[in-house]
Amino acid sequence: MFHVGHKSVDVSLCDGVLTVATPENDVLVSIEIRRMLKVNLKDGSLTVYYVEKTKNKTLNMRTISLDADFEELQQLYRDLETKCKGRPKSLLVIINPNAGKKKGIKVYKKIADSLFQLCGVKTHVIVTSKQNEPTDILKNYDLSKIDGIVTVGGDGLYCECMNGLVKRVQQDNSVNLDNHNANIVSSALPIGIIPAGSGDVIVQYLHGTRCARTAVLHILLGNHVDSNIVSVHAGRHLLSYSALVLGFGLFGDMMHDCEKFRWMGPSRYNIIPLGSMLKRREFDVEVEYHPLTQKEKPKPARLYGRQISLPNGFLSQRSKLQRKQRTKSSSDLQKESSVNEDLVKEEGRIYAVDSHAIMMKEKSGRMTPHFGQNSLMVYTTHKCTLPDHVSQLTKVKNEKPDCYDYKFVSKHEVSGYKVKLLNATVNTAGNNKELQKDYYINCDGECIRLKEPEFNVKLHRNAVKFFGDFAD
């Protein structure tokens, strides 16, 4: 017979759920195994640490202590320990002390450290001192000794760690990073994010909240979410991997302008883009969309409402909309249903070409994130009035379901795409190439200046893992 305090209770473990109830069948607590953090047997009492999810999607830690004969407690302890496998026991923690309001170290010490100690997790903590340091750390780190990587900072730190990890995995598997057609090897090592940045977009997508304690508890539970990334190549070289947003044109200019005002801190992201918007540039480009193979195409579903056709006059008289059969490479021929692929090209003047590794879909009247989707959505913004453009971007920011339903926005569901700058002058000095004008890509908040007149983007499905549960 088990007891909770002075009350006699019945305890059952069935279908992954621990239930504690009174003899009259009044349930005191029902705990899913996947929500258990730790089981501790000490001084004739068994304590179960578990989490509860609130209506606002935050997690709270709870405990319940059971008393009984030692043999009964020991048997229940063994049963629970057997089922609670898969929790991380060793983590590499990388902290950006300058992220957001510069509270990364404080957040870790105040919230994360004690919870990791409680659950017996060993940690190796590294505080970064320069940009892109995580890539250097992960290049030679012994990954076999850890169960995951934890970042304490913003989206930028996560993206640096993701880049470092993906590059390391390709290095270990002899994949040529500079081949834009290469299919990369997915990482088996999950990354957890403890938010301490200015935006923390990815962690909000994952958990539905920026609560740091909730993020730590998700890491300790050990659940995983697979997510896509995209690669960006130019001039036969890898520029970067993107986990969130990749924007050429307007968003590239916005990020470049923001970089000049770093002294303003996070507030620059709310102020400087207004000036970038007022001086928005037009770009002469050719965009080549790589459609999905039949194997990759998802089942018909409502996605962003209706598909908008190209606005009249977008295509030049010289080009028009071109569709042609793609030449099959040896890798194409190995793919089951690539025979009927069509290549789509657009040419003309645009303001922006943007894509999101984490796809946004309409649900319950708003745009919501979806991880590990079969495809990549590309949005090309054509010539439009400034008020219409501001209206459209405001809806994007507010996650309105019709934010892309504008005549000047074309949408393509693809496996990759290529952007070629028309009429761009390339200056060559020795082995160095430079574009005469400045063109920028916003890659997850990092500003990349193009040195070549074209770049390739490719989707890599389920290439990385997050610690957490997707908050749908």
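Me: Which strand does Ser 45 lie in?
Reply: Ser 45 is part of strand E6, which covers residues 45-53. Helices (H or I, at least four residues) and strands (E, at least two) are DSSP runs, numbered from the N terminus. A heads-up: this is a predicted model, where local features need pLDDT of at least 70 and side-chain atom pairs count only at pLDDT 80 or more, while totals for chains, interfaces and linings use all residues. Residues are numbered from 1 along each chain as its sequence is written, and side-chain values use heavy atoms, with hydrogens and water left out.

Me: Is Ser 45 buried or exposed?
Reply: Ser 45 is buried, because its relative accessible area is 16%. Buried means under 20% relative accessible area, exposed over 50%, and partly exposed in between (1.4 Å probe, protein chains only).

Me: What does Ser 45 touch?
Reply: Leaving out residues up to four places away in sequence, Ser 45 touches Asn 40, Ser 65, Leu 66, Asp 67 and Leu 73. Contact here means heavy atoms within 4.5 Å. With Asp 67 there is also a side-chain polar contact of 3.2 Å. A polar contact is a pair of N or O atoms within 3.5 Å; within protein, one must be able to donate a hydrogen and the other to accept it, and residues adjacent in sequence count only if both atoms are side-chain atoms.

Me: What about the loop between strand E5 and E6, who's in there?
Reply: Asp 43 is in that loop, and E5 is 36-42. Its phi is near 50 degrees, a positive value in a residue other than glycine. Most residues other than glycine have a negative phi. Asp 43 counts as exposed, at 73% relative accessibility.

Me: And what's the phi of Arg 236?
Reply: Arg 236 has a positive phi of about 65 degrees, although it is not a glycine. You'll find Arg 236 in the loop between strand E12 (224-234) and strand E13 (237-242). Arg 236 counts as exposed too, at 76% relative accessibility.

Me: OK, helices. At what angle do H2 and H6 cross?
Reply: Roughly 30 degrees, with the axes of H2 (residues 104-118) and H6 (residues 212-221) coming within 10 Å. Axes are lines fitted to C-alpha atoms, for helices over the stretch in contact, and angles run from 0 to 180 degrees between N-to-C directions. H2 and H6 are therefore roughly parallel. Angles under 35 degrees count as roughly parallel, over 145 as roughly antiparallel, 65 to 115 as roughly perpendicular and the rest as oblique.

Me: Which residues meet there?
Reply: Among those in H2 are Val 107, Ile 111 and Leu 115, and among those they meet in H6 are Val 216 and Leu 220.

Me: Last one: how many helices and strands are there in the protein?
Reply: Ten helices and 26 strands. Of its 472 residues, 50% count as buried.
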